[in-house]
Every structure is written in structure tokens, then in C-alpha cells.
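Me: I am new to this structure. Please take a close look at one part for me, the salt bridges, and walk me through them.

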Amino acid sequence: MSTAAPHPKRSTIVLGDCARVLAALPAGFARLAYIDPPFNTGGPQRRDRMRVVRDPSGTRTGFGGARYAVERVASSAYDDAYDDYLAFLMPRIEASLRCLTPDGSLFVHLDRREVHYAKVALDRLLGRDHFQNEIVWAYDFGGRGKRRWPQKHDSILWYTKSARDWVFEYDAI
């Protein structure tokens, strides 16, 4: 584990297809890469961006009973179906690895559909000794099926570029 001083904080967000953006970024500049790809649900996905403002006559209730008005300000959609998901995912992961420092970490956020296949592919790419942990992101929203256990978690696979030298800031937890 590295005890080196953290890199200076930067506040740059780059928007774009990571397959193109990552190639334009410098090598070895980041200590952390967080990959949050589509989950290969088999159908279209739609995302709405909302603006929420406190309003006594609003339709939503928040903390402490406060009321809020909600307005949709943008929406986007994409097709989330892949015949060969790993052929889509792995080149993007490989491109992100080029950007990591020698003591950097890779976090890959997936759900039950592809996490097992991605873990095996990452073990082959990086080596099993670079796998640090599976972080289970449990949540309690959504429906509760009566015919099977509800799907109430995602997985975040944590790999490190080095098998022996990485950053973990325990005091920051």
C-alpha cells in the first residue's frame, strides 16, 4: 500500500464517449478510474435530469416534510443491448488503465447480468492478485417480487494496477 502524498485535486469533468476521450488523455495521470458502463439490460434505457426546488405546494415530500416542485430539464436514451458485452467493455477498461498511475485503482460498477464475466476477464487482463475486493452496493428501493428474491444490489469490482502498491486512505472513510 502506498503512503505517497495524494495528487493535487483537479476539478475537470470531461464529457464524451470514453473510447474516444480516454485516448486523448495523458498516460499515468489518475490514481482512480471509476467505470460505470451500461448494464446490458437487453432494452432501451432512459434517463431524465430534474430540477428540484423547495415549494410549499410541490408534489414531492422530502426530509422533515418539506415539499418540492420537480421539473424535467433534459432527457436522454440509449440502447442497452450487446451481443458481445465484453467486446464492448474491455477495450474501454484497457484504455482507462493507461491513464492510471502505477499505484492507481480501477473500480468497475456492474450488476448481476455481467459482473461474473467481467471479473474473469479482469483477472485475465490484470492478474488475480490485482483484485482487491468486490464492493456490494445494496439498496432498498424499487419493487419486491413475490416469485424470486429481489435484485437489490450492484457490484463494484476493485482492482489495482500494482499487486502490492496502491492507495487506500482509511482515515478518509
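This is a predicted model: local features need pLDDT of at least 70, side-chain atom pairs count only at pLDDT 80 or more; totals for chains, interfaces and linings use all residues.

Reply: Start with R51 and E71. Their side chains meet in a salt bridge, with N and O 3.4 Å apart. R51 sits in strand β2, which covers residues 43–54. E71 sits in strand β4, residues 67–80. The pair therefore ties together parts that lie 20 residues apart in sequence.

Side chains of opposite charge can pair when their charged atoms come close.

Next, look at R46. This arginine forms a salt bridge with D48. The closest N and O atoms of R46 and D48 are 3.5 Å apart.

Now turn to R20. Its salt-bridge partner is D17. Here the closest N and O atoms are 3.9 Å apart. That falls within the 4 Å limit, so the pair counts as a salt bridge. R20 is exposed, with 62% relative accessibility. D17 is partly exposed, at 31%.

Together with R92, they are linked in a network of salt bridges.

How many salt bridges does the structure hold? The count is 8. Among them are R51 with E71, R46 with D48 and R20 with D17.

How values were computed:
Residues are numbered from 1 along each chain as its sequence is written. Side-chain values use heavy atoms; hydrogens and water are left out. Buried means under 20% relative accessible area, exposed over 50%, partly exposed in between (1.4 Å probe, protein chains only). Helices (H or I, at least four residues) and strands (E, at least two) are DSSP runs, numbered from the N terminus.
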